[in-house]
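Hi,

Here's the structure I said I'd pass along. Have a look, and my notes on it are just below.

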Amino acid sequence: MTDHIEIYSDGACRGNPGPGGWGALLRNGPHEKRLKGADPQTTNNRMELMGAIAALQALKRSCQVVLWTDSEYVKKGMTEWLPGWKARGWKTAARQPVKNADLWLLLEAEAARHQVDWRWIKGHAGHEGNEIADQLANEAIDHLLGQRQEAKI
């Protein structure tokens, strides 16, 4: 039997670039898992990608996934842009190198293990799953910045 998983992923950055965090909420029926992580120097788009990557990596077997993101960059990248980038040797339509290609390759590989339905949701609009993912991303940044303050003392 294939598990049906609902994922909400988000990324945040304080400055762009700057310290960033990602968060993900995974739900399988009544079961829930919360994930978060941070990077001291990154961009918002990299954190959006990392939220989705980490969530899919956390799944131990192939699943049917609905992945909600408030990032059009992530959704359109996976559902519209990826085939063109690959056909052009990881170049954009403007023949520029694709930004974050390292993470796009990871996300593509993780998504290939599952049946993923990519869905966009308006951020900061009160949707519970998205708000939790955003909170997790910001908690990760707060933790990172707190560690930096402690190191200075």
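Let's start with Glu110: its relative accessibility is 14%, so it counts as buried (buried is under 20% relative accessible area, exposed over 50% and partly exposed in between, with a 1.4 Å probe and protein chains only).

Before I go on, the ground rules. This is a predicted model, where local features need pLDDT of at least 70, side-chain atom pairs count only at pLDDT 80 or more, and totals for chains, interfaces and linings use all residues. Residues are numbered from 1 along each chain as its sequence is written, and side-chain values use heavy atoms, with hydrogens and water left out.

Back to Glu110, which sits in helix H3 (residues 101-112); helices (H or I, at least four residues) and strands (E, at least two) are DSSP runs, numbered from the N terminus. Its side chain makes a polar contact of 3.0 Å with that of Arg113 (a pair of N or O atoms within 3.5 Å; within protein, one must be able to donate a hydrogen and the other to accept it, and residues adjacent in sequence count only if both atoms are side-chain atoms). Setting aside neighbours within four places in sequence, Glu110 is in contact (heavy atoms within 4.5 Å) with Ile53, Leu56 and Gln57.

Now for the backbone. Asn16 and Pro17 are joined by a cis peptide bond, omega about 15°, and Pro17 lies in the loop between strands S1 (3-13) and S2 (18-28).

Trp90, in the loop between helix H2 (72-87) and H3, has a positive phi near 60° despite not being glycine. His124 is another non-glycine residue with positive phi, near 55°; it's in the loop between strand S5 (115-120) and helix H4 (128-152). At 60% relative accessibility, His124 counts as exposed.

Cheers
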